[in-house]
Amino acid sequence: VQLQASGGGLVQPGGSLRLSCAPSGSIASINGMGWYRQAPGKQRELVADITSGGITNYADSVKGRFTISRDNAKNTVYLQMNSLKPEDTAVYYCNAHVRSSPWSPLRNYWGQGTLVTVSS
């Protein structure tokens, strides 16, 4: 299973970006999906996650600005980022707990990361 993230780029403060992430490979089911980020010199941190039933959780720093959603038919998770700030600059990683077959254990997978730069 591989996760492919896309949608990063350079945006001015106050702007918006939408990240997408979809797994490929052998997938029987996906439980939680989420987005993490890592800024230079800092540890990776949770941005937002979402259960298979749509229950969401956000870091305090992004509440009210970011929205996580998922399309279960497409196995895709999205992160809509509005009112971006320079401190949102980081590499954003998607994460998914995937069962590759009905009898396989859940495994945690990471995408390759997509860079978001917020700067004027």
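Predicted model: local features only at pLDDT ≥ 70, side-chain atom pairs only at ≥ 80, totals over all residues.
Residues are numbered from 1 along each chain as its sequence is written, and side-chain values use heavy atoms, with hydrogens and water left out.

The structure holds one disulfide, a term for a pair of cysteine sulfur atoms within 2.5 Å. Its sulfur atoms, from Cys 21 and Cys 94, are 2.0 Å apart. Cys 21 lies in strand β3 (residues 17-24) and Cys 94 in strand β9 (residues 90-99), so the bond ties together parts 73 residues apart in sequence. Strands here are DSSP runs of E with at least two residues, numbered from the N terminus. Both Cys 21 and Cys 94 are buried, meaning under 20% relative accessible area with a 1.4 Å probe and protein chains only.

Strand β9 also runs antiparallel to strand β4 (residues 29-38), joined to β4 by eight bridges. Two strands pair if DSSP finds at least two bridges between them. β4 pairs with strand β5 (residues 45-50) as well, antiparallel and over five bridges. Met 33 has Ala 96 as its bridge partner in β9 and Ile 50 as its partner in β5. Six residues lie between the strands in the hairpin of β4 and β5, where Gly 41 takes a positive phi near 75 degrees.

Asp 71 is in strand β7 (residues 66-71). Leaving aside neighbours within four places in sequence, Asp 71 is in contact with Thr 76 and Tyr 78, contact meaning heavy atoms within 4.5 Å.

Notes: Helix = DSSP H or I, 4+ residues; strand = E, 2+ residues; numbered from the N terminus. Buried < 20%, exposed > 50% of the residue type's maximum accessible area, 1.4 Å probe, protein only.
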